[in-house]
Amino acid sequence: STTKILTTLIASERCSMDEIVDFSYDAVHDIDPGSNHIAIDPGEQLTMEECLNAILIRSANEVSFAVAEHISGTTWQDFGDIMNERAKELGCVDSHFVNPNGLHDPDHYTSAHDMALISREAIQNPTFREITGCTEYTVASTNLRPEGFPLSHKHQMLMYTKYHYDACIGGKTGYTSEAKNTLVTYAEKDGHTLACVVMEN
């Protein structure tokens with residue numbers, strides 16, 4: 001799911017936060033059973049701001065697909081070319097992205113070095129920086145859910161858990177059975193900002 005840093009960086013660069021994202025049947029139903037989601041239904045709509053919060057805070061896989069479709073103008077699969085182009089611009093040489101959320105695919109891979117390059121660029125983006133530091137966010141309402149719903153972060157160094165770190169300003173957790181645990185964490189102290197990338201494999 002650390003892949004989602006690149007997805008949200010591209011969205012932050014290309015989109016305004018008040019754009020409306022429509023959720024297609026494919027965006028909702030192409031995610032792996034049991035993977036992270038926020039129970040969006042086909043035909044539901046979120047603003048881009050709500051989408052990016054759902055992606056970074058709750059690691060919502062169907063939201064990543066919908067944002068990818070929105071930006072590509074076609075399918076979420078076509079978004080891979082946009083990701084690879086942006087990664088190349090950032091100097092990445094050991095990466096190939098085929099989906100916007102990091103769900104397992106043998107042709108989808110990156111390295112700690114490349115993810116550090118992506119993460120360094122992302123934290124300099126004001127929109128990304130603000131969202132990655134949020135611990136909680138509420139979607140006030142959608143066209144299908146007028147009551148709205150809350151989102152809570154999963155990064156324990158950012159939250160007030162036993163792993164909390166005061167200097168932590170954001171980050172993204174990730175896990176698949178193939179990739180194992182991955183983690184990007186941002187910290188800021190004494191005028192320095194650090195992006196740390198950990199990959200279990």
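## Basis of the description

Helices (H or I, at least four residues) and strands (E, at least two) are DSSP runs, numbered from the N terminus. This is a predicted model, in which local features need pLDDT of at least 70, side-chain atom pairs count only at pLDDT 80 or more, and totals for chains, interfaces and linings use all residues. Residues are numbered from 1 along each chain as its sequence is written, and side-chain values use heavy atoms, with hydrogens and water left out.

## The sheet

Strands of a sheet pair through backbone hydrogen bonds, either parallel or antiparallel. Here three strands make an open sheet in the order S5-S6-S7, with antiparallel pairing; two strands pair if DSSP finds at least two bridges between them. Strand S5 (168-176) and strand S7 (192-199) are the edge strands, each pairing on one side only. On average, neighbouring strands of this sheet are turned by 5° against each other, direction ignored.

S5 and strand S6 (residues 180-189) are joined by eight bridges. One of the bridge pairs is Thr176 with Lys180 in S6. S6 and S7 are also joined by eight bridges, and Tyr186 has Ala195 in S7 as its bridge partner. The hairpin of S6 and S7 has two residues between the strands, and Asp190 takes a positive phi near 55° there.

## A helix on the sheet

Which strands does helix H6 touch? Helix H6 (residues 112-123) packs on the sheet and touches S5, S6 and S7 (contact means heavy atoms within 4.5 Å). The direction of H6 makes about 145° with that of S7. For such angles, axes are lines fitted to C-alpha atoms, for helices over the stretch in contact, and angles run from 0 to 180 degrees between N-to-C directions.

## Pockets

On a 1 Å grid over the protein atoms alone, a cavity is a set of points where a 1.4 Å probe fits but cannot get out, and a pocket is an open set with protein on both sides within 12 Å along at least five of seven lines; lining residues have an atom within 4 Å of a point. Grid points are joined across faces, edges and corners, and a volume is the space filled by probe spheres set on the points.

The largest pocket has a volume of about 480 Å³. It is lined by 28 residues, and the closest to its centre are Thr173, Gly174, Tyr175, Thr176 and Asn181. S5 gives the most to this lining, with five residues. The lining of the largest pocket divides into five nonpolar, 17 polar and six charged residues (Ala, Val, Leu, Ile, Met, Phe, Trp, Tyr, Cys and Pro count as nonpolar, Asp, Glu, Lys and Arg as charged, and the others, Gly among them, as polar).

The second largest pocket holds about 390 Å³ of space. Of its 20 lining residues, His108, Tyr109, Thr110, Ala179 and Thr182 are the closest to the centre. The largest share of this lining, three residues, again comes from S5.

## The cavity

The count comes to one cavity of 30 Å³ or more. Leu56, Ile57, His153, Lys154, His155, Lys172 and Thr173 line the largest cavity. Helix H3 (48-58) and S5 each supply at least two residues of this lining.

## Aromatic pairs

The structure holds two aromatic pairs. Rings of Phe, Tyr and Trp (its six-membered ring) pair if their centres lie within 6.5 Å; planes under 30 degrees apart count as stacked, over 60 as edge-to-face and the rest as tilted. The ring centres of Phe65 and Trp76 are 4.1 Å apart and the planes stand at 25°, so this pair is stacked. Phe65 lies in helix H4 (residues 61-72) and Trp76 in the loop between H4 and helix H5 (79-89), eleven residues apart.
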